[in-house]
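Thanks for coming. I will go through one model today, part by part, and keep it plain.

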Amino acid sequence: MANAPHDYFSITYGAAREKFLTAAENAGAAIGSHTHPLKGPSGEALALDVATFGHLDAPKVFATMSATHGGEGFVGSAAQVGWLEENRWRDRPDDMAVVLLHAVNPHGFAWRRRVTEGNVDLNRNFLDFSEPVPEKPEYEELHPALCPEDWTDESLASAEQTLQAYADKHGQKKLNRVTMGGQFSRTDGLFYGGTAPTWSRTTILSVLKTHTAAAQHVALIDFHTGLGPSGHGECYIVGNEGDPGIERAGDLWGADGVTIMAAPGGRQAHDGYNLTGITRELAPVPFYGNTLEFGTHPLEIVYQALRADNWLHLHGDLNTNFARKVKDDLKEAFCPDSETWREAVYARSMEVWSRGIHGLAGL
Ligand SMILES: [Zn+2]
């Protein structure tokens, strides 16, 4: 009997890992595991697991990654499990390898956090650290309000006043941009990109380089949740003007629900986005990276869940009812407990995935 999409979703990282490994084994994939140095909240092992179809010297490589933002991993994992269980790997052309990177930030996935160990946003960590990191004075100004030291009604109301005043003066869009754009000075702050490559960045690049040694074209979907209208899956193609991949990305991924964000080819454009970094590392091989982002709840709800989690890990106690509520709120912010929502995002995931494989096959 065929499974239903909701069976592909897991409640914990451990359950997701088990489902992925079982489905990969049943599908006859080659499996590799890269063990993370730390453990999960139940003492469980953490790993970036890789399932591969096809040869290491394939001229075309199609890849997908789940859990770049750890706690968002439930959707990407479900897509990878479903793709395996529904035997969609049988559609792979002979000259293409397909590589599934499950839980690229396993620490964040297991602890239900957006960030890696060390509070690093993996999607701001792909800078060229041999150059000076960007300075973010506007983030500095807002940091005390974004990350208050006390989590009380009073301190939150005061923080809200500061943020609202900033939005009134500069606009909500600018407030969002300053908050989410990435910063490299506040290790305890939001959207912190770090000062060196994280374990996840190093491991992702090592896996991708091993599997693309002979590649002439590489396409990849990086799954995310928490931005945009509920249930909508938008493809963001992020890179620099002049990247060979971004110039042709529209042909590969199509026009429907695709936003191309090509920055003028300056230094450190996009402040450490993972797919920009992968483009740089794989060059001159054209890379067609796609950040597939699913909307969950309104941005202020997602923000609030992230700020509460940041406070909890800095100042709070993980063994409290408050902590359990924060983690439940985060799960809901990343992967709503709604069958309709999950069916819609799974269907859209398969549509984009299949479009990517066919687009790559046609090159
Ligand atoms: Zn994300």
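Predicted model: local features only at pLDDT ≥ 70, side-chain atom pairs only at ≥ 80, totals over all residues.

Pro 5 counts as buried, because 20 other C-beta atoms lie within 10 Å. Pro 5 sits in the segment before α1, which covers 13-26. Where does the chain come back to Pro 5? The C-alpha atom of Glu 339 is separated from that of Pro 5 by 8.8 Å, although the two are 334 residues apart along the chain. Leaving aside residues up to four places away in sequence, Pro 5 touches Gly 82, Arg 342, Glu 343 and Tyr 346.

Arg 342 and Tyr 346 bring us to helix α12, where both are among the buried residues. Others buried in α12 include Val 345, Val 352, Trp 353 and Ile 357. The helix has 23 residues and reaches 33 Å from its first C-alpha to its last, close to the 33 Å expected at 1.5 Å a residue.

Further along, α12, residues 339-361, meets α8, residues 244-253; their axes come within 8 Å and cross at roughly 115°. Which residues meet there? From α8 they are Asp 251, Leu 252 and Trp 253, and from α12 they are Arg 355, Gly 356, Gly 359 and Leu 360. Sorted by class, this contact has three nonpolar, two polar and two charged residues.

Another helix to look at is α10, residues 299-315. Its 17 residues should span 24 Å at 1.5 Å a residue, and the end C-alpha atoms are 24 Å apart, so the two values agree. Buried residues of α10 include Val 302, Leu 306, Trp 311 and Leu 312, and also Arg 307, Asp 309 and Asn 310. The buried residues of this helix pack against α4 (137-146), β5 (217-230) and α11 (321-334).

Now the sheet. It is open, has eight strands with mixed pairing, and runs in the order β1-β2-β4-β3-β5-β8-β6-β7. Which strands stand at the edges? They are β1 and β7 (258-263); each has a single partner strand, so one side of each is left without a neighbour in the sheet. From one strand to the next, the twist averages 20°. Helix α9 packs on the sheet and touches β5, β6 (233-240) and β8, with its direction at about 170° to that of β8.

Thr 35 stands opposite Ala 47 in β2, and Gly 32 has Val 50 as its bridge partner. Five residues lie between the two strands of this hairpin, and Gly 43 there takes a positive phi near 80°.

Nonpolar side chains tend to be buried together in soluble globular proteins. Here the largest nonpolar core has 92 residues, and Val 61, Phe 62, Ala 63, Val 75, Ala 78, Val 99 and Leu 101 have the most contacts inside it. Helix α2, residues 73-85, gives the most to this core, with seven residues. Take Leu 101 as an example: it touches Leu 48, Val 50, Ala 63, Thr 64, Met 65, Ile 204 and Val 207, again not counting residues up to four places away in sequence.

Last, some backbone details. Most residues other than glycine have a negative phi, and most peptide bonds are trans. Ala 67 is not a glycine, yet has a positive phi of about 70°. That residue is found in the loop between β3 (60-65) and α2. Is Ala 67 buried or exposed? Ala 67 counts as buried, because 32 C-beta neighbours lie inside 10 Å.

Ala 103, also not a glycine, has a positive phi of about 60°, and is found in the loop between β4 (96-102) and α3 (106-110). With 29 C-beta neighbours inside 10 Å, Ala 103 counts as buried.

The remaining item is a peptide bond: Ala 283 and Pro 284 are joined in cis, with omega about 10°. Pro 284 lies in the loop between α9 (274-282) and β8 (287-295).

Methods
Residues numbered from 1 in each chain as written. Axes fitted to C-alpha atoms, helices over the stretch in contact; angles between N-to-C directions. Helix = DSSP H or I, 4+ residues; strand = E, 2+ residues; numbered from the N terminus. Contact = placed C-beta atoms within 7 Å. Nonpolar A, V, L, I, M, F, W, Y, C, P; charged D, E, K, R; others polar. Pairing = 2+ DSSP bridges. Expected span 1.5 Å × (residues − 1). Buried ≥ 20, exposed ≤ 12 C-beta atoms within 10 Å, placed from the backbone. Core = buried A, V, L, I, M, F, W, Y, C linked by C-beta atoms within 7 Å.
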